[in-house]
Amino acid sequence: TVEAPVPDDAATVRLWLHSWSTAQGAIDFDDFEISGIEATEGVAPAPGKPKVAAAPVTAEDLAKRKTPPLIVLKLDDLRPINGEVHGLWKRLVGYLESRGIKAGIGANMSKMDEASPDYKQWVKSKHAAGSIEFWFHGWDHASHEVDGVTYNEFDNRSYEEQKKRFDDSQQSAVKDFGFAFTTFGPPGGSGKRFFDSNTYQVMQDDPHMAVWLYSQPMDKAGEELQAKGKVAILDRVWAVNLEGSVGQPNFQKFLQGYAANPDRTYFVLQGHPMAWGNAQRWNEFTKIIDFLVEQQAEFLTPTELAARVKPSSS
């Protein structure tokens, strides 16, 4: 509830809804009421426009594109569970392998002291096979508080703190997996920014980092970093995603976004496989894959995509 005094000469009232950061997404609001304004003779509320649901889109409605899209599956939050690779990850990677589909899997590194030899070997073997690129998704994916305000892992932390999280994770990756991460995708969670100005400097300074899975459309800061020539930025189209909301694949929302972006060269599609344990969510994910295969989409790892496209293309 928000209360505000009404100026004597007020003629209209408007509600302005906005996010707290540059993050973009899709959300529905309803059931707003405006009350407490004294009635004035001859003045009445204007009728609201009825909500019109987006027309359903079917796969049959969409013709194949002249140039098939390039796709990166950005799959988040791999970490040891009781020291092992969780069965949902094994199912997912087995499915992708059976279909000859490449992908990127984002790893968190703070629990590697609990990882079993089998966990480490699983990552090593998938990395060596070449169809999965493991990328850096944060040290612990944990939010933190500053003056009572919650921030994501790489937001509102000093350069030194962020650099240490990169360095510790890289050292662990080299020791436990035999390779350093070359791609970064910042974790979210708090609903605010995913990174800050210090993150750009860390990406420039980390000797291994070459690709950034950007959590938003391209902006000026991203263009400036990319112009330095070291880091390629793969930006996002929020309307085209595996999930309609976090953890919930949604084939219909994917189709609507895909249909609305017919000229986009590539899409980075985010998902959280540890939330796809029930049949309905898994089936929605596989419908998206089936559709993209029918569209003759080319699935690439993040590093492969960065080498193929001009990252700021839209």
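This is a predicted model: local features need pLDDT of at least 70, side-chain atom pairs count only at pLDDT 80 or more; totals for chains, interfaces and linings use all residues.

Modeller: Take Glu97 to begin with. It is partly exposed, at 38% relative accessibility. The side chain of Glu97 forms a salt bridge with that of Lys126, with N to O at 2.9 Å. Glu97 sits in helix H1 (residues 87–98) and Lys126 in helix H2 (residues 117–129), so this pair ties together parts that are 29 residues apart in sequence. Lys126 itself is buried, with a relative accessible area of 16%.

Lys163 and Asp167 meet through their side chains in a salt bridge of 3.0 Å, N to O. Lys163 is buried, at 18% relative accessibility. Asp167 is partly exposed, with a relative accessible area of 25%.

Next comes a salt bridge between the side chains of Arg308 and Glu298, at 3.0 Å, N to O. Arg308 belongs to helix H8 (residues 302–308) and Glu298 to strand E12 (residues 298–299), so the pair ties together parts that are ten residues apart in sequence. Arg308 is partly exposed, at 47% relative accessibility. Glu298 is partly exposed too, with a relative accessible area of 34%.

Salt bridges can also link up. Lys120, Lys175 and Asp176 are joined in a network of them.

Now for a charged residue with other contacts. Asp235 lies in the loop between strand E8 (232–234) and strand E9 (243–245). Is Asp235 buried or exposed? Asp235 counts as buried, at 3% relative accessibility. Look at the polar atoms around its side chain. One of them lies 3.0 Å from the backbone nitrogen of Met218. The side chain of Asp235 also makes a polar contact of 2.6 Å with the side chain of Tyr266.

Tyr266 leads us to strand E11. This strand covers residues 266–271, and six of its six residues are buried, so the rest of the structure largely encloses it. In a regular strand, side chains alternate between the two faces of the sheet. In E11, both faces are covered. Tyr266, Val268 and Gln270 are buried on one side. Phe267, Leu269 and Gly271 are buried on the other. Strand E1 (residues 70–78) runs parallel to E11, and six bridges join the two. Find Leu73 and look across: Leu269 of E11 stands opposite.

Strand E3 (residues 132–136) is mostly covered as well. Five of its five residues are buried. Ile132, Phe134 and Phe136 point one way from E3. Glu133 and Trp135 point the other way, and these residues are all buried. The partner strand is E2 (residues 103–107), which runs parallel to E3 and is joined to it by five bridges. Ile105 has Phe134 in E3 as its bridge partner.

Turn to a pair of helices. Helix H4 (residues 197–205) and helix H5 (residues 220–227) have axes that come within 11 Å and cross at roughly 20 degrees. That makes H4 roughly parallel to H5, because angles under 35 degrees count as roughly parallel. The crossing of H4 past H5 is right-handed.

Finish with an exposed residue. Glu60 is in the segment before E1. Its relative accessible area is 70%, so Glu60 counts as exposed. Glu60 and Phe291 are 231 residues apart along the chain. Their C-alpha atoms are separated by 9.8 Å.

Notes
Residues are numbered from 1 along each chain as its sequence is written. Side-chain values use heavy atoms; hydrogens and water are left out. A salt bridge is a side-chain nitrogen of Lys or Arg within 4 Å of a carboxyl oxygen of Asp or Glu. Helices (H or I, at least four residues) and strands (E, at least two) are DSSP runs, numbered from the N terminus. Buried means under 20% relative accessible area, exposed over 50%, partly exposed in between (1.4 Å probe, protein chains only). Two strands pair if DSSP finds at least two bridges between them. A polar contact is a pair of N or O atoms within 3.5 Å; within protein, one must be able to donate a hydrogen and the other to accept it, and residues adjacent in sequence count only if both atoms are side-chain atoms. Axes are lines fitted to C-alpha atoms, for helices over the stretch in contact, and angles run from 0 to 180 degrees between N-to-C directions. Angles under 35 degrees count as roughly parallel, over 145 as roughly antiparallel, 65 to 115 as roughly perpendicular and the rest as oblique. A crossing is left-handed if the near helix is turned anticlockwise from the far one by less than a right angle, and right-handed if clockwise.
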